[in-house]
Amino acid sequence: MDDIRSPQDETSQGDIAHSLSHDGPVPSTEETSARRSDRLATLPSLTVLAAGFFSAVSLLPDGVLESINTMGGRGH
Amino acid sequence: MSALAHVAQRLRHISLLPEFERALRHMATYDDERPRKNPQWGPVIPTVQQLLGGAYEPIAPFEAAWSLLYAVIVRLDHLQDGDPVDDPLPTVDRAEAQYNLVFGYYVLATGVLDLLSPDQIAVHRILRLRHLWTDMLLRMAGGQQRDLTLRRDTRTDLPLDNYQELAQAKTGATFALAFGGTAILLTDDQRTIDALTLSGEIYGTLLQYRDDLLDAQTQPNPTLTLPVALEIARPDDTVNNTGHTPEAFWAYLYRVYHAQVVQALAGLPADLENGILDLFAGTFERRPVHQRDQA
């Protein structure tokens, strides 16, 4: 089959390929999935956080809890 | 280019049955407005794109696809929970026809990713995005499956862990895809991609926690929410007797998870780190309107 691309086409294709090329090895998608899965599993455990929160709250002196409660809705 | 324009472009030359194409366009027209109505998720992808310094136009199909995907999830949620909607599905009132239309709409959302141009984005990045898309979609489907099957009267050994897994799978994965997908398209730096994907996971998980804790009264269905998981986990002790408010527990959770984001972003360029933290602050640290009015 004849190559119908003009020299101009070839140059622009080559430029695009060059500009989009990547330096160095690209990790496989499976490899990145495995690493992602490990990292996403590391969020702090709600079970542990709730235990800490309610233990602390139950020991607070009067008045302190009130001030904590007013923090609500704004994060910190 | 809007999501609607991407839909029009993707539907060109397919020769769909006219009533089906009309229905898809009808839904996309309504859903084109959703990002502007939802400040929590509307600006996420453009913000991450600006922070990474890449051009917007090449990644616009991804933003359109993700917005449509979000609309698919909302519509599927309404359908499965039987919630009232102000945008009824444009088909007959039969579950099988409605589910099929939502399925077609999901295929359309995924199909908009085909508009990502290899002339503008390296092919390996597009392939990596498609891989992330599928991974996160499967996690979302798993989260929704648990949500639909694990109801508030279900007893499990670790209800809070069960709930956390559900929240991360449903909403965490949605935003891991938004943050991480944008990073994948704009950089090859794996450290940046990992940090942003994790930040997105935390952002989405926090949205779920906050909605469950602070809007408990408005949750219309018997799904497993965080307050319900708390009651199951600690049925007769401190939850009801300490005098704490959901807002205090929310503030505590936010503080801990925010520290996790700070840790994930440490070492990245300062502009990127500060910009992502600003995004969190803008979403989670703003006082709700009704509280501002009372102040």
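**Close-up views of a predicted two-chain model**

**View 1. B:Leu115 and its contacts.** B:Leu115 is in contact (heavy atoms within 4.5 Å) with B:His6, B:Gln9, B:Arg10 and B:Pro61, leaving aside residues up to four places away in sequence. This is a predicted model, in which local features need pLDDT of at least 70, side-chain atom pairs count only at pLDDT 80 or more, and totals for chains, interfaces and linings use all residues. Residues are numbered from 1 along each chain as its sequence is written, chains are lettered from A and ligands numbered from 1 in the order in which they are written, and side-chain values use heavy atoms, with hydrogens and water left out. You will find B:Leu115 in the loop between helix H6 (95-112) and helix H7 (123-149) of chain B; helices here are DSSP runs of H or I with at least four residues, numbered from the N terminus. Its C-alpha atom is separated by 9.3 Å from that of B:Ile59, 56 residues apart along the chain.

**View 2. The largest nonpolar core.** A nonpolar core is a set of buried Ala, Val, Leu, Ile, Met, Phe, Trp, Tyr and Cys residues joined through side-chain atoms within 4.5 Å, where buried means under 20% relative accessible area, exposed over 50%, and partly exposed in between (1.4 Å probe, protein chains only). Of the 94 residues in the largest one, B:Leu177, B:Phe179, B:Tyr209 and B:Leu226 touch the most other members. Helix H8 (residues 159-186) of chain B gives the most to this core, with 13 residues. Look at B:Tyr209: its contacts include A:Leu46, B:Tyr163, B:Leu226 and B:Trp250.

**View 3. Two positive phi values in one loop.** Most residues other than glycine have a negative phi. In the loop between helix H1 (3-11) and helix H2 (18-31) of chain B sits B:His13, with a positive phi near 70°. B:Ser15 lies in the loop between H1 and H2 of chain B too, and its phi is positive at about 60°. B:His13 has 75% relative accessibility, so it counts as exposed. B:Ser15 also counts as exposed, because its relative accessibility is 71%.

**View 4. Helix H5 of chain B, end to end.** The 22 residues of helix H5 (residues 60-81) of chain B should span 32 Å at 1.5 Å a residue, and the end C-alpha atoms are 32 Å apart, which agrees; the expected span is 1.5 Å times one less than the number of residues. Of the 22 residues in H5(B), 16 are buried. Next comes B:Gly82, with a positive phi near 70°.
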